[in-house]
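The sequence and the structure are shown first.

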Amino acid sequence: MGTWSTSITGNDTAQDLLFEYKAAFFYYDVDTAVKKIDEFVRTMFNETDEAELGG
């Protein structure tokens, strides 16, 4: 992952999520879009890895 700036969208992960967010709400109704975004976020991070979650 790279960091480009100190802005909220100034890194690769934030840009990926922003793209998925826009696409989900363009292609799906609200309920389905929220589910798709949730699935995307859960696949980006290993929820059992404490180091990855900042723990």
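## Overall features

Of the 55 residues in the protein chain, 13% are buried, where buried means under 20% relative accessible area, exposed means over 50%, and partly exposed lies in between (1.4 Å probe, protein chains only). The model is a predicted one, in which local features need pLDDT of at least 70 and side-chain atom pairs count only at pLDDT 80 or more, while totals for chains, interfaces and linings use all residues. Residues are numbered from 1 along each chain as its sequence is written, and side-chain values use heavy atoms, with hydrogens and water left out.

The protein chain holds 2 helices and 0 strands; these are DSSP runs (helices H or I, at least four residues; strands E, at least two), numbered from the N terminus. Among contacts (heavy atoms within 4.5 Å) between residues at least 6 apart in sequence, 11% join residues at least 24 apart. The accessible surface comes to about 4,600 Å², and carbon and sulfur atoms account for 56% of that area; areas come from the Shrake-Rupley method with a 1.4 Å probe, and for residues only the protein chains shown count as cover.

At the start of α2, a side-chain oxygen of D29 comes within 3.3 Å of the backbone nitrogen of D31. In the segment before α1 lies N11, whose side chain reaches the backbone nitrogen of A14 at 2.8 Å. Polar contacts are pairs of N or O atoms within 3.5 Å; within protein, one must be able to donate a hydrogen and the other to accept it, and residues adjacent in sequence count only if both atoms are side-chain atoms.

## Salt bridge and nonpolar patch

The count is 1 salt bridge, defined as a side-chain nitrogen of Lys or Arg within 4 Å of a carboxyl oxygen of Asp or Glu. D38 pairs with R42, with the closest N and O atoms 3.0 Å apart. Both residues lie in helix α2, 4 residues apart, about one turn of the helix.

Y21, F25, V30 and V34 make a nonpolar surface patch of about 380 Å², to which α1 (12-27) and α2 each supply at least two residues. Patch residues have over 30% relative accessible area and no salt bridge; like charges are joined within 9 Å, and nonpolar side chains (Val, Leu, Ile, Met, Phe, Trp, Tyr) within 5 Å.

| Residue | Relative accessibility | Class |
|---|---|---|
| N11 | 19% | buried |
| V34 | 47% | partly exposed |
| D38 | 37% | partly exposed |
| R42 | 47% | partly exposed |
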